[in-house]
Amino acid sequence: MRGNSNSTYGSITKTLHWLMAAMVLSMIPLGIIASGMADAAAMKPVLFSIHKTLGVTIFFLALARIAWAISQPKPGAYHPQRTVTMYLAAVVHWLMYASLVVVPLSGWVHHAATSGFADIWWPFGQNLPFVPEDEGVAHVAASLHIIFERVLVFSFVLHFLGVLYHHYIDKDDTLRRMLPGRAQTEPPSDQPRVSMPVLGAIGVYAGALAIGAALGMFAQPERVEAAQLAQTQSEWVVQDGTLGITVRQLGSDVEGSFADWTAAINFTETPDETGKYGDVEVTIAVASLTLGSVTAQAMGPDFFGAETHQTAVFRADIFAQEPGYVATGSLSLKGVEAPLLLPFTLQIDGDTATMEGQTSVSRSAYGIGMGTQPGEGSLGYDVAVTVTLTATR
């Protein structure tokens, strides 16, 4: 029998029930284990990909199960005289139905809003409509995911305890009718109508959200205050420009940029006797970096250490190099000074110059992320740096 009857559940309901129970029981430990792993662990992105792929699968299965449950009769209770118990059981069922939708959905939103992630293993892309890659959205979605997951576990435990009570204390067929075969006994025909269990479920969710808010789960992480940079005096004055970086995290490119930096540029079209065309000194406020949803993590002591190393400085001399020029010097970052070459092209129109350059910096040279991510499994060593600017003489 595929459909439900007034006394037992059909094969479709049973299959969906046990399939989703097995998936949920797998999802929870997967998420806990993956979250507890060191970022450098090779299995961390794999476990997260499995977790996310199962989550999306549960989301669509939950929609199918809810639609099927609405279309089918529900077998009656064996103890309809227990009106309070029946109401609580109905509330728990609605909590579970809602949780099976909102838990994976909030996780999916967090995934879509996050820069640098373990992929969902399916061919339909990683983004969601109307969900931007944004640190604030990702934080709120992650907080909701945790709160909703707690409600799911709470309702799952209550459901499990209720089944055990029916099976071992009442000794009725509540559990047996969800197992293969048919229930041996019929529930009473006179079944009272349970009123508004949805409101009870909404009340539980409202309480969970209120507790989460009181615990500060929705508060945005505090950012390190960026250093105030002094005005520079130089032959060329930067009018506008961008200083961007791209890191490779969990197989995806994460792009960011520094909002506050200064450049003291001295440049002439004619080189001196050493072949030097000029020099440049760039000072960067490290904490002005925005790096998608991992900005706060990037400011931490194992990465840029922005609280104790507030600025980075690039000093270089400028020489000719086809097809343009190269700034040959060093970058001081996080207390380490290492050589750095910045090839760039330059267009000068009167007293206005437009420059574009790109280079690569190894994070390992500066000890960035080497404590938690010493390998390249989660975070690549090479960081692409791009510079564009317009300056006037």
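Me: In which strand does L346 lie?

Reply: This is a predicted model. In it, L346 lies in strand β8, which covers residues 336-349.

Me: What makes F267, Y325, A353, T354 and M355 contacts of L346?

Reply: Contact requires heavy atoms within 4.5 Å. Once the neighbours within four places in sequence are left aside, L346 is in contact with F267, Y325, A353, T354 and M355.

Me: How far apart are L346 and L152, in sequence and in space?

Reply: The two residues are separated by 194 residues in sequence, and their C-alpha atoms are 59 Å apart.

Me: Why is H167 called buried?

Reply: The term buried applies under 20% relative accessible area. H167 has 19%, and it is therefore buried. This residue is found in helix α4, residues 135-170. Not counting residues up to four places away in sequence, H167 touches D172, L175 and R176.

Me: Why is F130 called exposed?

Reply: A residue is exposed over 50% relative accessible area. F130 has a relative accessibility of 87%, so F130 counts as exposed. Its place is in the loop between α3 (83-113) and α4. F130 also has a positive phi of about 70°, although it is not a glycine.

Me: K334 has a positive phi as well. Is K334 buried or exposed, and why?

Reply: The relative accessibility of K334 is 16%, and the limit for buried is under 20%, so K334 counts as buried. Its phi is about 55°, and K334 is not a glycine. The residue is placed in the loop between β7 and β8.

Me: What is the omega of the peptide bond that joins E322 and P323, and what is that bond called?

Reply: Omega is about 5°, and the bond is a cis peptide bond. P323 is found in the loop between β6 (311-321) and β7 (324-333).

Me: Which residues touch the most other members of the largest nonpolar core?

Reply: They are F304 and F314, in a core of 49 residues. Membership requires a buried residue of a listed nonpolar type, joined through side-chain atoms within 4.5 Å. Beyond its neighbours within four places in sequence, F304 is in contact with I245, V286, L289, A298, M299, H309, L333, K334 and I368. Apart from this core lies another, of 29 residues, among them M23, W108, A112 and V131. In soluble globular proteins, nonpolar side chains tend to be buried together.

Me: What share of the residues in the chain is buried?

Reply: Buried residues account for 44% of the 393 residues. The accessible surface of the chain comes to about 20500 Å², and 62% of it belongs to carbon and sulfur atoms.

Me: How many positive and negative side chains does the chain have, and how far apart are the centres of the two sets?

Reply: There are 20 positive and 33 negative side chains, and the centres of the two sets lie 25 Å apart.

How values were computed: Residues are numbered from 1 along each chain as its sequence is written. This is a predicted model: local features need pLDDT of at least 70, side-chain atom pairs count only at pLDDT 80 or more; totals for chains, interfaces and linings use all residues. Side-chain values use heavy atoms; hydrogens and water are left out. Buried means under 20% relative accessible area, exposed over 50%, partly exposed in between (1.4 Å probe, protein chains only). Accessible areas come from the Shrake-Rupley method with a 1.4 Å probe; for residues, only the protein chains shown count as cover. Lys and Arg count as positive and Asp and Glu as negative; His and the chain ends are not counted. The place of a charge is taken as NZ of Lys, CZ of Arg, CG of Asp or CD of Glu. Helices (H or I, at least four residues) and strands (E, at least two) are DSSP runs, numbered from the N terminus.
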